[in-house]
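Trainee: Could you walk me through how to read helix packing and a nonpolar core in a model?

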Amino acid sequence: MNQTNHKSYAKVVENGVQAVEAVNELRNTGYRYEDVFVLAHDQDRTDRIADTVAAKEIGIKEEGVFDSLANLFRSRGDELRAKITSLGFTDTEADFYEKELDQGKVLVIAKKA
């Protein structure tokens, strides 16, 4: 499922190699470093992929202080859904994407400021 709304775009990919390709495609269409995010179910995997593709992780700037602090007490699934909705996706979309992440896939998100 690829989702596009007026500000956010998401693409589910199978692995880190495809994440690199997706990020490069987004950069070639004009997205800047600060516009592109990657997300995997495992935080270490998210860190590795973000470092490899020079993409951002969803943080306090995108989520806000309250949600970032709340994530300390949430399950990983709840945290992932909160991160996804913070970038403009609906709860239903966040549920779908989180289930994809559960299966080992990677989510590439681009959001114009």
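**Helix packing and core**

Mentor: Helix α5 (residues 76-86) packs against helix α6 (residues 91-102) at an angle of about 130°, and their axes are 9 Å apart. That makes α5 oblique to α6, since angles under 35 degrees count as roughly parallel, over 145 as roughly antiparallel, 65 to 115 as roughly perpendicular and the rest as oblique. This is a predicted model, where local features need pLDDT of at least 70, side-chain atom pairs count only at pLDDT 80 or more, and totals for chains, interfaces and linings use all residues. Residues are numbered from 1 along each chain as its sequence is written, and side-chain values use heavy atoms, leaving out hydrogens and water.

Trainee: Which residues of α5 and α6 make the contact?

Mentor: From α5 come Gly77, Leu80, Arg81, Ile84 and Thr85, and from α6 Asp91, Ala94, Asp95, Tyr97, Glu98 and Leu101; contact means heavy atoms within 4.5 Å. These residues divide into 5 nonpolar, 2 polar and 4 charged.

Trainee: And how should I think about the core?

Mentor: In soluble globular proteins, nonpolar side chains tend to be buried together. Here the largest nonpolar core has 16 residues, and Leu26, Val36, Val38 and Val108 have the most contacts inside it. A nonpolar core is a set of buried Ala, Val, Leu, Ile, Met, Phe, Trp, Tyr and Cys residues joined through side-chain atoms within 4.5 Å. α1 gives the most to this core, with 4 residues.

Trainee: Is Val23 buried or exposed?

Mentor: Val23, in helix α1 (residues 16-28), has 0% relative accessibility and so counts as buried (under 20% relative accessible area). Val23 touches Val36, Val38, Val53 and Val108, not counting residues up to four places away in sequence.

How values were computed: Axes are lines fitted to C-alpha atoms, for helices over the stretch in contact, and angles run from 0 to 180 degrees between N-to-C directions. Helices (H or I, at least four residues) and strands (E, at least two) are DSSP runs, numbered from the N terminus. Ala, Val, Leu, Ile, Met, Phe, Trp, Tyr, Cys and Pro count as nonpolar, Asp, Glu, Lys and Arg as charged, and the others, Gly among them, as polar. Buried means under 20% relative accessible area, exposed over 50%, partly exposed in between (1.4 Å probe, protein chains only).
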